[in-house]
Amino acid sequence: MDAFISFCVFLSVVLPIHSVPRIVDLSYQQDDDAISWPSNPPYNFTKLYRGFYAEFNIWLENNHIAMPEHMGTHIDAPVHIHQGSWKTHQIPIEKLYGPGVIINVKTKVESNPDYRVSTDDLSKYEEKYGEIPRHAVIIMNSGWTKKYPNATLVFGTTDLQDSSTYHFPSWHEEAVTWLINKRQVNAIGVDTPSTDYGQSRTLTCHVIIGKNNVVGIENVANLDNIPESGSTIYVPVVKIYDGSGGPARLFGTYDDDPDKTNAASTALCSIIYTYSLIIALIVKF
């Protein structure tokens, strides 16, 4: 009987279940308000059927959607700006996820909407969190999500047809080159419309990213809801044949606290232990 009591104590120590990973949606919904380059056609959603389907005696909904590849939260396939690089359907699946790295430049962007993430920003990140993991998904957090989906605010202009008037932050080409050469990142993303800043006339970052077969990600949402280090980010893009990009339901996962146990599970284990101990004492006496 002493052995049984000891087993009950063992259960109370071993059974507490650790918290399941948190999941954060990093995507905007695709709808009429979804942001795309102003020269692209608009989002189109057509209801093909809504109603009772007598043949199978069921309710049925079926829709048709038409949209640019580069709308809302989406990826740029490497071929987007570099001929001969991977098209959307050619991107290896292992390149569509990785350790999450969030570079927070919100304070710098407040005074400079044309700010570009620098190698100095990356050095400061590594001083705080350690070396950026290989094959990471690294994303700039400029706080631009608060402007979405207002196109005037997102592009930083009242004249959406004139790209020379655009003002929004993104990456500096030196930082992009360093990440690719020194940290072999899988993907480079932004919470703005482009991996080049609004005033770019050469799209240099796009070219560097594309020719190195790195995935670009644009219009990422909810970056304040995921830690700057310690997450895993997934980039499940629609596998469009011959595509230059595509919409993605980007999401990240992380442990809220690896040493923190789930309160409900802990309570349940305590009840099991107490109940087992009472039974053991009744049987013994």
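Ten salt bridges were identified in a search of the whole structure, which is a predicted model. Side chains of opposite charge can pair when their charged atoms come close.

One of these pairs is formed by Arg249 and Asp25, whose closest N and O atoms are 2.9 Å apart. The two residues belong to distant parts of the chain, being separated by 224 residues. Asp25 is located in strand β1 (residues 22–25), and Arg249 in the loop between β12 (245–247) and β13 (251–254). Arg249 counts as exposed because its relative accessibility, 56%, is over 50%. Asp25, with 29% relative accessibility, counts as partly exposed.

A salt bridge was also found between Lys87 and Asp242, with a distance of 3.1 Å between the closest N and O atoms. Lys87 lies in the loop between β4 (74–76) and β5 (97–104), whereas Asp242 lies in the loop between β11 (229–234) and β12, so this pair ties together parts that are 155 residues apart in sequence. Both residues count as partly exposed: the relative accessibility is 26% for Lys87 and the relative accessible area is 44% for Asp242.

Asp224 and Lys106 form a further salt bridge, in which the closest N and O atoms are 2.8 Å apart. Because Asp224 lies in the loop between β10 (215–218) and β11 and Lys106 in helix α2 (residues 106–111), the pair ties together parts that are 118 residues apart in sequence. Lys106 is partly exposed, its relative accessible area being 25%.

Salt bridges also occur as a network, which links Glu126, Glu131, Arg134 and Arg183.

Technical notes:
Residues are numbered from 1 along each chain as its sequence is written. This is a predicted model: local features need pLDDT of at least 70, side-chain atom pairs count only at pLDDT 80 or more; totals for chains, interfaces and linings use all residues. Side-chain values use heavy atoms; hydrogens and water are left out. A salt bridge is a side-chain nitrogen of Lys or Arg within 4 Å of a carboxyl oxygen of Asp or Glu. Helices (H or I, at least four residues) and strands (E, at least two) are DSSP runs, numbered from the N terminus. Buried means under 20% relative accessible area, exposed over 50%, partly exposed in between (1.4 Å probe, protein chains only).
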